[in-house]
Amino acid sequence: MPRFLTVLFSLLWVMTTLKAGASSDAPSSAAGYIDLETLAGGGFHLKVDQATTGDVLDRLSSQVGIPIVHGHEREEPITLACSSSTIKPLLECLLGSSANVLYIAAGSASSKSPSDYERIVILSSSRRDLEPTDRGVSSPSSLAPKVSLPLTPSGDLLMAMLKDSDSSKRIDALSLLWQSGGMDQETRRSLYQAALNDENGEVRGSALSGLARLGDPSSPSLIANGVIDPDPSVRLAAIEALPLALENRNYLESALADTDPIVRQLAQIRLAAMPQ
C-alpha cells in the first residue's frame, strides 16, 4: 500500500475515534444525575445533581407509573436531595412548597398511595421562592408550609382567606372548602361562583374545579367559557372538568393547538381516554 494512503487511513481512524469518544460523553454530562430510590418500607429518596426539573419529573413519572403533565420546568439545572413518605411532599421539595399542583385521583381522593392518582398536573413551580438553605437535603418535617392550617378549617377562617390579598391564600381557601363542616353545599357554590370573577387566573381555575366537583347546574356553560379563558390555569381546569363525551371532543381537539404546552398535554391525555 502506498505510504500516503497508509497515512490517510491512520488520520481517518484517529478522527473517527476522537469523534466517537466525544459523543459518548455528551449524554451523561447533559442530562445530569438523577437517582430516585423507592424505599422498602414505603416512601422515596431523591438525589439530583445538575439535572433539569423537567427531567426529574419525567423520571419520577416513569418510575412511579403516574403521568405527570408539565411544561415550564426545564430551564435551570438543580441540585438537591429529598426524602419523603409520599409523592406529595417529594414534589413540594422538588418544586417548592407553594407550587400549584393538581392531583387527579383515580380512586379515593383522601388516599396517600401514589397508585391512587390517575395523573398529576404541574400548574406552576415556586422553587425560586425558597431560601438557599432549602436547596440542600430536605426531610418531610422541613417541607411544611410556614403557616400550618387546621385539617378542618372553620368557615370564618376560610372567609378571611378568601378575602386575603395574597392569591395563594385564596387558592388554599377554595381547595379547603370541602373540609369545612360549617358550610352547606349552597354556601360553597356561591363562594366558588364569586371566585370566578377573581383577577387571578389560578384562583378562577380553582373555583371552576370546585363548581364542577359540586355538580353545579351551570357547570357546562362555565366549562365552555373556561376553555377559552385567557389564563392557562382556567383552561386546564376546564379541560379536566369536561365530561368525556363525544359532544365535548371539539373542545379537547381545539386545545391541542393551545399556546400553553401543559394545556396541550392535558388535552391529549383526555382525548386518549375518551370512548370511541
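How many salt bridges does the structure hold?

## Overview

The structure, a predicted model, holds six salt bridges. Side chains of opposite charge can pair when their charged atoms come close. Among the pairs are Arg119 with Glu240, Arg170 with Asp198, and Arg204 with Asp229.

## Arg119 and Glu240

A salt bridge joins the side chains of Arg119 and Glu240, with an N to O distance of 2.9 Å. Arg119 belongs to strand β6 (residues 117-124) and Glu240 to helix α9 (residues 232-241), so this contact ties together parts that are 121 residues apart in sequence. Arg119 and Glu240 are both buried.

## Arg170 and Asp198

The side chains of Arg170 and Asp198 also meet in a salt bridge, at 2.8 Å from N to O. Distant parts of the chain are linked here: Arg170 sits in helix α5 (residues 167-176), while Asp198 sits in the loop between α6 (185-195) and α7 (201-214), 28 residues apart. Both residues of the pair, Arg170 and Asp198, are buried.

## Arg204 and Asp229

Arg204 and Asp229 form a salt bridge in which the closest N and O atoms are 2.9 Å apart. Arg204 is in helix α7 and Asp229 is in the loop between α8 (219-227) and α9, so the pair ties together parts that are 25 residues apart in sequence.

Are the two partners buried or exposed? Both Arg204 and Asp229 are buried.

Technical notes
Residues are numbered from 1 along each chain as its sequence is written. This is a predicted model: local features need pLDDT of at least 70, side-chain atom pairs count only at pLDDT 80 or more; totals for chains, interfaces and linings use all residues. Side-chain values use heavy atoms; hydrogens and water are left out. A salt bridge is a side-chain nitrogen of Lys or Arg within 4 Å of a carboxyl oxygen of Asp or Glu. Helices (H or I, at least four residues) and strands (E, at least two) are DSSP runs, numbered from the N terminus. Buried means under 20% relative accessible area, exposed over 50%, partly exposed in between (1.4 Å probe, protein chains only).
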